[in-house]
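Hi there,

Here is the structure I promised to send over. Have a look at it first, and then read my notes below.

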Amino acid sequence: MVNWSPPPETVKKRSPWVQVVGHAGNFQTDSDGRLLKKYCESEQQCFLQLMSDSLRPFVPGYYGVTQRDEQDYNLMDDLLADFDSPCIMDCKMGSRTYLEEELKKARECPQPRKDMYEKMIAVDPEAPTEEERLQQAVLKTRYMQWRETLSSTATLGFRIEGIKKSDGTCNTNFKRTKCKDEVVQALEDFVDNNMLILRSYQQRLQELRDILEKSDFFKAHEVVGSSLLFVHDVTGKAGIWMIDFGKTVPMTPPLTLDHRSPWLEGNREDGYLWGLDNFIDILTTMLQEK
């Protein structure tokens, strides 16, 4: 077996993508096609279980904790290492991207936040109430729940976070991409209307759904804020992996989730499979219409 180390230029090309999806400073690349992600205990615990779960082929390989410059990192496969100038899409899955515990904590210590007010008006200057305008601040609970109503998270159970094309251009302007037609347009642009790649993605998502419905890990965890990473290149190679498990938390046995039921506070349903069903239906319709 030959170990191939990507040249420094390849790492530089990937750096903008890392920044685009909101993880600037959280990642470092290793010399052997692996990725160092800033240590998160809950993510570590998820990976340890996933390595022996049926979902193993759909997540990055995990190699434990390593340290660099006195900082701990989770060491995992660099999913881009085997692609040539890849096109990349990050899709946040589920009907909400905040944990129930986050809502509870925010209610217990209600602190109006200026940074969230500024984020809100940057997207919609008309969104704040009169009181919020006077304070120039919003509560975290208000911001979190408002944020979900803007995008397809609320309408379809997933949302596009960002797309990076092979020419290096990045687009994260999907905060208000809400209806199905807008999602279809973004997907067509992502694959450059290549139906072979689109079909590869559809088949991969169908395989993932079959495994998720049988996975012991999945039924016993609330999966929030997790993404699907879509990657393809000019050779036609394509793949999809589940990433980001920092907000994936276990249920108290023997409780389980079906991941399709509507979320009502207290039931901890995350809508992951509802979103995946909708995603597969959209791709299937796109393929039928071509």
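**A hairpin and a helix pair**

Histidine 232 stands opposite alanine 238 in strand S10. Please keep in mind that this is a predicted model. The partner of S10 here is strand S9 (residues 227-232), and the two pair in the antiparallel sense over six bridges. Together S9 and S10 form a hairpin with five residues between them. In the turn, glycine 236 has a positive phi of about 95 degrees. Strand S10 covers residues 238-243, and five of its six residues are buried, so the rest of the structure largely encloses it.

Now to the helices. Helix H9 (residues 195-212) packs against helix H11 (residues 272-289) at an angle of about 150 degrees, and their axes are 10 Å apart. That angle makes H9 roughly antiparallel to H11. Their crossing is left-handed. On the H9 side, the residues in contact include Leu198, Tyr201, Leu205 and Arg209; on the H11 side, among them are Leu276, Asp277, Phe279 and Ile280. The residues of this contact divide into 14 nonpolar, three polar and three charged.

One more residue to look at is asparagine 278, which also lies in H11. Is asparagine 278 buried or exposed? With a relative accessible area of 17%, asparagine 278 is buried, because the cut-off for that is under 20%. Leaving aside residues up to four places away in sequence, asparagine 278 touches Leu156 and Phe158.

Best wishes

Technical notes
Residues numbered from 1 in each chain as written. Predicted model: local features only at pLDDT ≥ 70, side-chain atom pairs only at ≥ 80, totals over all residues. Heavy atoms only, no water. Axes fitted to C-alpha atoms, helices over the stretch in contact; angles between N-to-C directions. Helix = DSSP H or I, 4+ residues; strand = E, 2+ residues; numbered from the N terminus. Parallel < 35°, antiparallel > 145°, perpendicular 65-115°, else oblique. Left-handed = near helix turned anticlockwise from the far one by under 90°. Contact = heavy atoms within 4.5 Å. Nonpolar A, V, L, I, M, F, W, Y, C, P; charged D, E, K, R; others polar. Buried < 20%, exposed > 50% of the residue type's maximum accessible area, 1.4 Å probe, protein only. Pairing = 2+ DSSP bridges.
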